[in-house]
Amino acid sequence: MSVLIDERTRVVVQGMGRHGAYHAVACREYGTQIVAGTTPGKGGTAVEGIPIFDSVEQAVRATGANASLIFVPPAAAADAILEAADAGLCVVVCITEGIPTLDMVRVKALLASRATRLIGPNCPGIIAPGVRCKIGIMPAAIHLPGPVGVVSRSGTLTYEAVAQLSALGLGQSTCVGIGGDPVAGTSHREALEMFEADEQTQAVVLIGEIGGTAEEEAAEFMRQHVRKPVVAFIAGQTAPAGRRMGHAGAIVAGGKGTAREKMAALSAAGATIVESPAAIGAEVARRIGRRAG
Amino acid sequence: MKLHEHQAKGLLTRYGVPIPRGRVAYSVDEAGAFAAELGLPVVVKAQIHAGGRGKGGGVKLARTFADVDAHARSLLGARLVTHQTGPEGRIVRRLLIEEGLDLAGAREMYMAVLVDRAQGRPVLMASARGGVEIEEVAVSDPGAILRESVDPLAGLRPYQARRVALKLGLNGSLLAPAADFLLRAFSAFVALDAGLLEVNPWLLTAAGRFFALDAKVELDDNALARHQDLVELRDVSEESPLEVEAAKHDLNYIKLLGGNIGCMVNGAGLAMATMDIIKLAGGSPANFLDVGGGANADQIRHAFRILMADADVRAVLVNIFGGILRCDVLAEGVVAAARELNVQVPIVVRMKGTNEAQGQAILRASRLAFETADDMAEAARKAVAAAGGTR
């Protein structure tokens with residue numbers, strides 16, 4: 001099985017503008033059940049054969065959607081997440097980049113009392129090749145069904161790791177892009193927890209980056225609860241302190257959040273650390289092989 | 001977005017946070033006039049977007065008008081080097097002329113508000129040990145830093161502000177004004193959509209009055225769209241011209257010191273990983289140019305132009321994983337830019353993903369001397385060799 005999504009996943013796309021519609025179609029072509037879209041004021045119309053509703057609530061009532069994919073612009077994205085949660089959706093994937101941090105702080109506090117699992121924002125989404133379900137913007141063609149779980153803050157670096165795995169015949173159970181923002185719905189630790197509990201997943205690739213302490217928290221959890229092999233890469237080993245490296249979260253500040261610290265914590269917890277981003281796939285092959293043997 | 005001290009203080013006063021009286025001067029004459037208006041002594045403070053100004057000689061006490069004149073003359077237009085500016089320093093273009101408060105018997109404390117990423121909520125930090133680098137305190141005496149986690153839906157509650165004040169020993173008649181200061185600073189943080197609000201030193205005078213003696217406010221770039229009045233506080237002269245130029249085209253450019261390989265990459269994580277693998281191959285990146293997820297050919301051209309404007313670049317490494325950004329679009333942009341700019345340095349291109357084969361065909365058909373590579377490691381090795389070998 002995959003984590004978070006499966007063949008019963010029915011997706012409503014929030015924000016069916018050009019960008020949203022393009023990806024809605026790409027997800028549908030891959031196999032995802034895209035059952036509805038929302039654009040306030042456009043209810044009753046259809047885009048690419050996808051029925052459009054004025055609200056998530058209406059979409060859920062009419063189509064039985066249980067997950068959402070958000071492309072709403074940053075100023076309204078926090079509201080879109082809360083609307084999806086209010087409509088009772090289990091999984092909400094927010095692609096939107098550039099949401100104000102304090103908006104996400106409030107969203108996180110409001111989601112704490114709900115069962116909704118938020119992925120992102122500022123992320124590529126989730127894909128489970130075994131059930132041909134993707135809720136996101138990743139290129140589907142590089143993925144294969146298989147035993148490796150992938151969790152990452154970065155989009156294209158995840159694609160890089162996935163392409164390496166697939167080239168070696170190592171498919172993926174689920175790839176979870178948790179996003180590069182400082183405040184995110186799902187952490188590395190939570191993704192590890194899901195992969196540890198998932199029968200299909202035999203090994204995990206954890207891709208982190210400088211800034212914050214999410215990788216250290218994942219390491220702490222790993223030490224106590226994770227039996228599966230974990231291969232980790234931390235981007236930004238050579239980043240200068242005090243410079244924000246693209247992602248709002250990627251900054252070494254006050255001497256904290258360095259790649260060295262994260263690599264040491266993960267290594268101490270039993271993860272195999274790869275220093276080269278070109279060696280991720282080969283290292284997983286080595287770990288799984290060794291485990292099987 | 002970073003702000004100058006005088007701008008940060010100006011914003012804090014909107015929320016009733018007490019600051020010393022002051023005026024910002026752009027010339028020696030203005031400095032003198034404002035000193036006369038404020039009354040001696042005054043403090044002359046260089047305004048640059050970097051900390052460590054005091055130790056770097058950018059903050060000077062003036063007891064006489066001759067002092068004001070001398071300090072303003074020595075600072076305005078000069079390069080101020082602090083531990084945060086790097087060896088090249090920053091040119092001082094404006095001064096804050098501020099009333100010189102009586103520091104005899106005063107206490108210098110510290111307070112800050114920021115978002116605690118691990119908790120995903122705001123945290124109020126405070127310490128009795130202000131006036132020094134808080135990072136040093138965090139290392140030498142972590143117990144001296146108080147942390148009060150704040151429920152973002154409730155905001156900082158008065159009892160929490162009092163709890164922090166009491167732990168700092170601010171009791172009796174000091175308790176109410178101390179808590180008031182913290183509550184006002186917190187409300188400023190929220191109202192401004194700040195990423196960081198730091199008051200250091202947070203001054204308590206012998207007369208029992210609190211002041212933000214120095215203040216640092218960083219605004220959340222993502223929230224600026226709803227703060228049009230704050231956008232104009234941006235001082236582009238404090239930013240690198242190429243970074244400003246890149247931002248105009250929705251590109252993210254970061255200059256790195258000491259390297260010679262220009263890097264064009266899509267996505268921040270892949271960009272950092274590319275820097276890492278260049279270092280592993282024995283080279284050093286000159287910069288980091290992230291064209292983002294869905295760049296068009298025009299943006300690719302601008303990206304190349306910005307990369308080539310960096311005089312340190314001896315070779316270019318293009319490392320793109322095509323998702324939404326298709327490899328054929330990338331290749332067209334790279335070919336057009338290489339022709340238009342008549343690029344003389346070697347260009348190593350590694351691209352994977354959407355329309356990879358079409359992209360490769362475009363590069364070959366151009367008959368320009370691109371080096372191509374299949375994976376990141378090979379690309380890095382070739383770029384390092386092309387830039388003149390390991391260093």
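Me: How many bridges join S8(B) to strand S9 (residues 145-149) of chain B, and do the two run parallel or antiparallel?

Reply: This is a predicted model, and the pairing is read from it. Five bridges join S8(B) to S9(B), and the two strands run antiparallel. One position to look for is Met125(B), which stands opposite Arg147(B) in S9(B).

Me: Which strand pairs with S8(B) over seven bridges?

Reply: That partner is strand S7 (residues 107-116) of chain B, again in the antiparallel sense. Here Tyr110(B) has Ser127(B) in S8(B) as its bridge partner. S7(B) and S8(B) form a hairpin with four residues between the strands. In that hairpin Gly120(B) takes a positive phi near 70 degrees.

Me: How should I read a strand whose side chains point in two directions?

Reply: In a regular strand the side chains alternate between the two faces of the sheet.

Me: Which strands pair with S13(A)?

Reply: Strand S12 (residues 203-209) of chain A pairs with S13(A) in the parallel sense over six bridges. Within this pair, Val204(A) has Val230(A) as its bridge partner. The chain passes from S12(A) through helix H7 (residues 214-225) of chain A to S13(A), a β-α-β crossover that is right-handed. Strand S14 (residues 272-273) of chain A also pairs with S13(A) in the parallel sense, over two bridges. In that pairing Ala232(A) stands opposite Ile273(A).

Me: In what order do the strands of this open sheet in chain A lie?

Reply: Seven strands form the open sheet, in the order S9-S8-S11-S10-S12-S13-S14 of chain A, and the pairing is mixed. The edge strands are S9 (133-136) and S14 of chain A, each of which pairs on one side only. An antiparallel part of the sheet is the pair of strand S8 (residues 125-128) and strand S11 (residues 172-177) of chain A, joined over three bridges. There Gly125(A) has Gly177(A) in S11(A) as its bridge partner.

Me: Why is the radius of gyration of chain A said to agree with that of a compact globule?

Reply: The radius is set beside the value for a compact globule with the chain's number of residues. Along its principal axes the C-alpha trace of chain A spans about 55 × 45 × 30 Å. Buried residues make up 62% of the chain. Of the contacts in chain A with a separation of 6 or more, 71% are between residues 24 or more positions apart. Nine helices and 14 strands are found in chain A.

Me: What are the corresponding figures for chain B?

Reply: Chain B has 13 helices and 18 strands. Its C-alpha atoms fill a box of roughly 80 × 50 × 40 Å along the principal axes. Of its 391 residues, 47% are buried. Among contacts between residues at least 6 apart in sequence, 69% join residues at least 24 apart.

Me: How is a helix such as H10 (residues 297-308) of chain B to be read?

Reply: One may begin with length and then turn to surroundings. H10(B) has twelve residues and reaches 17 Å from its first C-alpha to its last, close to the 16 Å expected. Its buried residues are Ile300(B), Arg301(B), His302(B), Ala303(B), Phe304(B), Ile306(B) and Leu307(B). Among the elements of chain B that cover them are helix H8 (241-248), strand S16 (315-322) and helix H11 (327-340).

Me: How many residues does each chain bring to the contact between chain A and chain B?

Reply: The size of an interface is often given as the accessible area lost when the parts come together. Here residues are counted instead: 47 from chain B and 49 from chain A. The elements giving two or more residues to the side of chain B include strand S8 (121-127), helix H4 (134-140) and helix H9 (268-280). H9(B) gives the largest share of that side, eleven residues. By type, the side of chain B divides into 23 nonpolar, twelve polar and twelve charged residues.

Notes: Residues are numbered from 1 along each chain as its sequence is written. Chains are lettered from A and ligands numbered from 1 in the order in which they are written. The expected span of a helix is 1.5 Å times one less than its number of residues. A residue is buried if 20 or more other C-beta atoms lie within 10 Å of its own, exposed if 12 or fewer, and partly exposed in between; C-beta atoms are placed from the backbone. Two residues are in contact if their C-beta atoms, placed from the backbone, lie within 7 Å. Ala, Val, Leu, Ile, Met, Phe, Trp, Tyr, Cys and Pro count as nonpolar, Asp, Glu, Lys and Arg as charged, and the others, Gly among them, as polar. Two strands pair if DSSP finds at least two bridges between them. A crossover is right-handed if, with the strands pointing away from the viewer, the path from the first strand over the helix to the second runs clockwise. The radius of gyration is taken over C-alpha atoms; the globule rule is 2.2 Å times the number of residues to the power 0.38.
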